[in-house]
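Biologist: I have a model open and I would like to learn how to read it. Can we go through it feature by feature?

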Amino acid sequence: MRGNYRTRPGSRRMGNSRFIVALVMAAMALISYYGSQSYNPVTDETQYVAITPEQEIALGLQSVEQMSQMHGGAYPDENLQGLIDAVCDQIIFNSDAGQTDWPFECTLLADQEAVNAFALPGGQMFITAALFNRLETEGQLAGVMAHEIGHVVGRHSAQQIAKQQLSQGLTGAAVIAAYDPSDPRSAGAAQVALMISNVVNMKFGREHELQSDELGVRFMAQAGYDPRSLIDVMQILEEASGGARQPEFLSTHPNPGNRIGEIQRHIDFIFPDGVPDGLIP
Ligand SMILES: [Zn+2]
């Protein structure tokens, strides 16, 4: 009893100060989240991004190896890789995506199982051989890559990281603050490993997938590709989704039919009089 009596006031004080610390941490996390506004001219919106473009690029480059290893490494055919480079260049140099400074790089991965395509922060993009082999036209390849370019230009990874930071409070903010892009190991090896595993396994939300579709349609049209090829891609992915592994495009979309409808709506907006002749299918 005596012991209880003695410790009670002390533990109450401790409880109070813990509460205040938690409150201050939460407030700082919120201030840091809402204080990191950035205007994105390509998407024409104000975004909450936790990291600088330099940090974003460094984080992406550091994650390339792990992403590549997960999918059998680079595909050992220079001609096919050359085709992917050409299509990516065609989109980047002829669309709003080219107005940005991201160091874009598109890589074909050897994975024959996972029907997949993805984007790391800062410009690194990938397509697996399993998805590539299912595509029938250059326009469809352009559709896949234009969608991934949309994730990069939309800075979707940086926004996801900001959200993670908000939920982790100061811990997340401190990790990013300590991350020097010119010296990526500056944040500590364990923390960098955690960040890499976060971005490699990152799934975008429905909102970001739809925005990438919209940006993809715009970039394709600007670059001379028939944006209806992106609808073909959705149908190819729908057929492929019978297997155990869900393609990245469909992983966050239980109803791909709606997604095709949205893509069609964007095409109608860009080409109100119908898609013109002469675009690359
Ligand atoms: Zn996507």
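Modeller: Start with one caution. This is a predicted model.

Biologist: What does the secondary structure of the protein chain come to?

Modeller: It comes to 12 helices and 5 strands. Buried residues make up 41% of the 281 residues in the protein chain. Residues 24 or more positions apart account for 72% of them.

Biologist: Let us take the sheet. How do strands pair?

Modeller: Strands of a sheet pair through backbone hydrogen bonds, either parallel or antiparallel. Here, an open sheet of 3 strands has the order S3-S5-S4, and its pairing is mixed. S3 and S4 stand at the edges with a single partner strand each, so one side of each has no neighbour in the sheet. From one strand to the next, the twist averages 15°.

Biologist: Which strands run parallel and which antiparallel?

Modeller: Strand S3, residues 105-109, pairs with S5 in the parallel sense over 5 bridges. Leu109 has Thr128 in S5 as its bridge partner. Strand S4, residues 117-119, runs antiparallel to S5, and 3 bridges join them. Phe118 stands opposite Phe126 in S5. Ala119 stands opposite Met125 in S5.

Biologist: What lies between S4 and S5?

Modeller: The two strands form a hairpin, with 4 residues between them. Gly122 is in the turn and has a positive phi of about 85°.

Biologist: How do I read the two faces of a strand?

Modeller: In a regular strand the side chains alternate between the two faces of the sheet.

Biologist: Now the core. What should I expect there?

Modeller: In soluble globular proteins, nonpolar side chains tend to be buried together. In this model, the largest nonpolar core has 67 residues. Ile91, Met145, Ile149 and Met220 touch the most other members. Helix H5, residues 138-153, gives the most to this core, with 8 residues.

Biologist: What does Met145 touch?

Modeller: Leave out residues up to four places away in sequence. Met145 then touches Val87, Cys88, Ile91, Cys106 and Met125.

Biologist: How far does H10 reach, and which of its residues are buried?

Modeller: H10 covers residues 228-240, 13 residues in total. From its first C-alpha to its last it reaches 19 Å, close to the 18 Å expected at 1.5 Å a residue. Then think about which way residues point. An α-helix has 3.6 residues a turn, so residues three or four places apart point the same way. In H10 the buried residues are Ser229, Leu230, Ile231, Val233, Met234, Ile236 and Leu237.

Biologist: Last topic, positive phi. Where does Asp44 lie?

Modeller: Asp44 is in the loop between strand S1 (37-40) and strand S2 (45-48). It is not a glycine, yet its phi is positive, about 55°. S1 and S2 form a hairpin with 4 residues between them, and Asp44 is in the turn. These strands pair in the antiparallel sense over 4 bridges. Ser38 has Gln47 in S2 as its bridge partner.

Biologist: Is Asp44 buried or exposed?

Modeller: Asp44 counts as exposed, because it has 7 C-beta neighbours inside 10 Å.

Biologist: And Arg155, buried or exposed?

Modeller: Arg155 is buried, with 26 other C-beta atoms within 10 Å. Arg155 is in the loop between H5 and helix H6 (156-168). Its phi is positive too, about 55°, although Arg155 is not a glycine.

Notes:
Residues numbered from 1 in each chain as written. Predicted model: local features only at pLDDT ≥ 70, side-chain atom pairs only at ≥ 80, totals over all residues. Expected span 1.5 Å × (residues − 1). Buried ≥ 20, exposed ≤ 12 C-beta atoms within 10 Å, placed from the backbone. Core = buried A, V, L, I, M, F, W, Y, C linked by C-beta atoms within 7 Å. Contact = placed C-beta atoms within 7 Å. Pairing = 2+ DSSP bridges. Axes fitted to C-alpha atoms, helices over the stretch in contact; angles between N-to-C directions.
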